[in-house]
Amino acid sequence: MSIRDIGLALLVILIWGINFVVIKIGLHNFSPFLLAGLRFTFVAFPACLVIARPKVPLHLLAAYGMSISFLQFSLLFLALKLGMPAGLASLLLQSQAFFTLLFGAICLGEKIQPHHILGLIIAIVGMLCLAQTSISSTLPSGMSLFTLLLTLGAALSWGIGNIINKIILQRYRVEPLRLVVWSAFIPVLPFFACAWIVDGKEAIWHSLEHINGFDMLTIFYLAILCTVVGYAIWGSLLGKYPTPTVAPLTLLVPVVGLLSATFFLDESLSYPQMLSVVLIIFGLVINSFAPRLISYLRFAKR
């Protein structure tokens, strides 16, 4: 990769890593469903005025929008609202890589390699250790087993969305940014409907009436920087370089997420949680880098 493209990739990683802190802060003034609804409203509009609609059947567009947008972010935002630390959420959400592998094997007939299985086992051990530590209600992080399951549910939804995304791109060869923008229309109504049912119209109007400049910056960050700009740059990099070169860089997102949560939110991990985090990261690294590491070691022996 060129120096310019490395810089762009690191910019996206920085944006996506801090995203979890921004969500956590935004949930102080908005309910999870309302914040998500506002985010995707501004992803879809006004971008739809300058980006053409992708030629994709409505049922596939709806399936993509409901899985990767509505289900993923309703579960993630709810988990963060109920106490899931932003740093840990950024890490646990990367388990989508394993869900994508499993669904790819089931739905698309893709092969799962031995290093995928090894990485999955190590990551599962780490998640089980994390679940064990989360059972205690006295943890300083405020995490619970319920919020852990909500976050994993968000990762599961992301994995399902990835498979639908693969099907769409393989069959219709659309630009990823078009898909992101126009699929954003799909979850808007469900998000606002859930906010109406769960929070009530009084709470919604109160949040909207008392919106301030900082709240608008939060929505701008989530909608424009994190979604539109982030996916536009990332899509261009994926189109320019092989996927194995670009995709593993997302492993840096939870690193930024954990560091930014520590710096901005003063989140901390207990020693058992730190060990769990190390195991999960190790499993993700094996899943993504094992073949290249083995090739490098074989080359070094020659």
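At what angle do helix α3 and helix α8 pack, and how far apart are their axes?

## Basis of the model

This is a predicted model, in which local features need pLDDT of at least 70 and side-chain atom pairs count only at pLDDT 80 or more, while totals for chains, interfaces and linings use all residues. Residues are numbered from 1 along each chain as its sequence is written, and side-chain values use heavy atoms, leaving out hydrogens and water.

## Helices α3 and α8

Helix α3 (residues 58-81) packs against helix α8 (residues 176-183) at an angle of about 75°, and their axes are 9 Å apart. The two are therefore roughly perpendicular (65 to 115 degrees).

Leu61, Tyr64 and Gly65 of α3 are in contact with Leu179, Val180, Trp182 and Ser183 of α8 (heavy atoms within 4.5 Å).

## Aromatic pairs

Rings of Phe, Tyr and Trp (its six-membered ring) pair if their centres lie within 6.5 Å; planes under 30 degrees apart are stacked, over 60 edge-to-face and the rest tilted. The count comes to 8 aromatic pairs. In one of them, Trp16 and Tyr231 have ring centres 5.6 Å apart and planes at 55°, so the pair is tilted. Trp16 is in helix α1 (residues 3-26) and Tyr231 in helix α11 (residues 213-240), 215 residues apart.

Phe73 and Phe77 form an edge-to-face pair, with 5.9 Å between centres and 75° between planes. These residues lie 4 apart in helix α3, about one helical turn. Phe73 and Phe77 are both buried (under 20% relative accessible area, with a 1.4 Å probe and protein chains only).

## The cluster

Phe73 and Phe77 belong to one aromatic cluster with Phe40, Phe70 and Phe191.

Technical notes. Axes fitted to C-alpha atoms, helices over the stretch in contact; angles between N-to-C directions. Parallel < 35°, antiparallel > 145°, perpendicular 65-115°, else oblique. Buried < 20%, exposed > 50% of the residue type's maximum accessible area, 1.4 Å probe, protein only.
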